[in-house]
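Trainee: I am new to this one. Can we go through some of the labels and see what backs each of them?

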Amino acid sequence: MMTFHHIGIACEDIRSTAEHYERMGYKMAGGVETVDNQQNIRIAFLQHPSMPTIELLAAIDDKSPVVDILRKNGTTPYHICYSVVNLEETIKELRKLRYIVVSKPKTAEAITGSRVAFMYHKDVGLIELVGK
């Protein structure tokens, strides 16, 4: 079973983009950015009491997975993330539905204690799975 976790937004500058969301009532979770050295990105989660959680992602360098989409589109939605109970089992099930594994499961520095994987389907786009 998958449940909604957050919307990932690729952006050039987390602080600048966060300011726009803050005007809509969002607050940066903990008031901090996290650096994910495995993916070469900076991350900040924004929360609102009645809206979906937003994850802002900014490249650290040219090896970051968000670089190409930022060059092509600028700030833009990047992925939808879902929580799952069993990450490996969910990946197996989605592969049967022709999803492609883009990033194998690994520990997420920004989501303490959780593992994440990214998958892609041509009719859906990029999704992130968060689980144990």
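This is a predicted model: local features need pLDDT of at least 70, side-chain atom pairs count only at pLDDT 80 or more; totals for chains, interfaces and linings use all residues.

Trainee: What about C81, buried or exposed?

Mentor: C81 has a relative accessible area of 0%. The cut-off for buried is under 20%, so C81 is buried.

Trainee: How many disulfides are there, by the rule?

Mentor: The count is 0 disulfides. C11 is in no disulfide, and its nearest cysteine sulfur belongs to C81.

Trainee: How do you know that the sulfur of C81 is too far for a bond?

Mentor: Its closest cysteine sulfur, in C11, is 17 Å away. A disulfide needs the two sulfur atoms within 2.5 Å. Therefore C81 is too far from C11 for a bond.

Trainee: Now the surface. Which residues form the negative patch?

Mentor: E12, D13, E19 and E22 form it. One of them, E19, lies in helix α1, residues 14-22.

Trainee: Why is E19 called partly exposed?

Mentor: Its relative accessible area is 43%. Buried is under 20% and exposed is over 50%. The value for E19 falls in between, so E19 is partly exposed.

Trainee: What makes up the nonpolar surface patch?

Mentor: I100, V102 and Y120 make a patch of about 290 Å². I100 lies in strand β7, residues 100-107.

Trainee: Why does I100 count as exposed?

Mentor: The relative accessibility of I100 is 52%. Exposed means over 50%. So I100 counts as exposed.

Methods: Residues are numbered from 1 along each chain as its sequence is written. Side-chain values use heavy atoms; hydrogens and water are left out. Patches are made of residues with over 30% relative accessible area and no salt bridge: like charges are joined within 9 Å, nonpolar side chains (Val, Leu, Ile, Met, Phe, Trp, Tyr) within 5 Å. Accessible areas come from the Shrake-Rupley method with a 1.4 Å probe; for residues, only the protein chains shown count as cover. A salt bridge is a side-chain nitrogen of Lys or Arg within 4 Å of a carboxyl oxygen of Asp or Glu. Lys and Arg count as positive and Asp and Glu as negative; His and the chain ends are not counted. The place of a charge is taken as NZ of Lys, CZ of Arg, CG of Asp or CD of Glu. Helices (H or I, at least four residues) and strands (E, at least two) are DSSP runs, numbered from the N terminus. Buried means under 20% relative accessible area, exposed over 50%, partly exposed in between (1.4 Å probe, protein chains only).
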